[in-house]
Amino acid sequence: MTSNTPRFLMCAPEFFGVEYEINPWMHGKQGTVGFSEAQAQWGALYTLLTDTLGGRAEQVAPRPGLPDIVFTANAGLAKGGVVVPSRFRHRERQGEEPIYRAWFEKNGFSLRDLPPGVAFEGAGDALFDTAEPELLWAAHGFRTDEAAHPFLAEAFGAEVIPLRLTDPRFYHLDTCFCPLPGGSLLWHPAAFDESSRRRVRERVAEDRRFEVDDADALAFACNAVGVGASALVLNSASPGLARWLEGRGLSVHQTPLTEFMKAGGSAKCLTLRLDG
């Protein structure tokens, strides 16, 4: 295993289910998650990231009473051995905070704590650009406070571009925005306010960005995981989107994650990139 091996944090879905409602995807889904189906889908994702694509997936132990701990993207934001642990908006997820914190401390990360009272939901709402590694796209509007952005800029030495989310179905940035391996971008413009759309279009050249339509966005196509220089893992992609991605030199790996979509998450939500 080389130092360039992508590292992810994951959490097995031993206690996963929809037990409450904190986003629109959860409405009416309580008690509908199939345990064996979720286990199989998560296992397929894990195997794809590791055995097939050569990544390394470390694991935090699941806990009863914390069904959403499987969505490790929300544990914090990590890069270069530094991590800013999350502070969750909803009390239903706040029990995850000490578990993730203990894992980061045990595994040698340098923790940078947010100012008191500031909400921030990790790599769900903050994504490093792949073309400009010191550029951080950071969202606010539902789960993360805009007041977190200056702290992130200082903690990582990054330029932060703020983006305001306006559609509650896309409550985290990683549900509607994905910097791709190789420097291109997938995004769903309708999820953002006009000033945010303008910032993206001014910063990213038209030929480097693909505007995902409603159908692909609602199938969590933007909630994708880049692995290495050319692989992309996601729940599903329409033929047109898959062709565009392949035209950018990407290998597209589709793996069903429908049980996790009932809680409002997919491939990206189930992984936290530990190496930036």
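Here are some numbered notes on the fold, going from the whole chain to single helices and strands.

1. Ground rules. This is a predicted model, where local features need pLDDT of at least 70, side-chain atom pairs count only at pLDDT 80 or more, and totals for chains, interfaces and linings use all residues. Residues are numbered from 1 along each chain as its sequence is written, and side-chain values use heavy atoms, with hydrogens and water left out.

2. Overall build. The protein has 8 helices and 15 strands; helices (H or I, at least four residues) and strands (E, at least two) are DSSP runs, numbered from the N terminus. Its C-alpha atoms fill a box of roughly 45 × 40 × 40 Å along the principal axes.

3. Of the 276 residues, 57% count as buried (buried means under 20% relative accessible area, exposed over 50%, partly exposed in between, with a 1.4 Å probe and protein chains only). Take the contacts with a separation of 6 or more: 71% of them come from residues 24 or more positions apart. A contact here means heavy atoms within 4.5 Å.

4. The β12-β13-β14 sheet. These 3 strands form an open sheet in that order, with mixed pairing. β12 (225-227) and β14 (251-254) are the edge strands, each pairing on one side only. Two strands pair if DSSP finds at least two bridges between them. Neighbouring strands of this sheet are turned by 25° against each other on average, direction ignored. For angles, axes are lines fitted to C-alpha atoms, for helices over the stretch in contact, and values run from 0 to 180 degrees between N-to-C directions.

5. β12 and β13 (residues 231-234) are antiparallel over 3 bridges. V225 sits opposite V233, and V227 sits opposite A231. The two strands form a hairpin with 3 residues between them, and G228 in the turn has a positive phi of about 65°.

6. The parallel side. β13 and β14 run parallel, joined by 4 bridges. A231 turns up again here, with S251 as its bridge partner in β14. Going from β13 to β14, the chain passes through α7, and this β-α-β crossover is right-handed. Right-handed means that, with the strands pointing away from the viewer, the path from the first strand over the helix to the second runs clockwise.

7. Both faces of β13. A231 and V233 point one way from the strand while L232 and L234 point the other way, and all are buried. Helix α1 (residues 35-52) lies across β12, β13 and β14, running at about 175° to β13.

8. Helix α7 (residues 239-247). Its buried residues are L241, A242, W244 and L245. They cover an arc of only 160° around the axis, which puts them on the same side of α7; the arc is that of the directions from the helix axis to the C-beta atoms. The face turned away from the buried side carries the exposed P239, R243 and G247. Among the elements covering the buried residues are β10 (185-187), β11 (209-211), α6 (214-218), β13 and β14. After α7 comes G249, with a positive phi near 80°.

9. Helix α4 (residues 148-156). A148, H149, F151, L152, A155 and F156 are its buried residues. The buried residues pack against β3 (76-79), β4 (82-85), β6 (126-128), β7 (135-140) and β8 (159-164). G157 follows α4 and has a positive phi, near 60°.

10. Around β1. β1 (residues 7-10) and β2 (residues 56-59) pair in the parallel sense over 4 bridges, with F8 facing its bridge partner A57 in β2. β1, α1 and β2 make a right-handed β-α-β unit. β1 is also joined by 2 bridges to β15 (residues 272-273), in the antiparallel sense, and L9 stands opposite L272 there.
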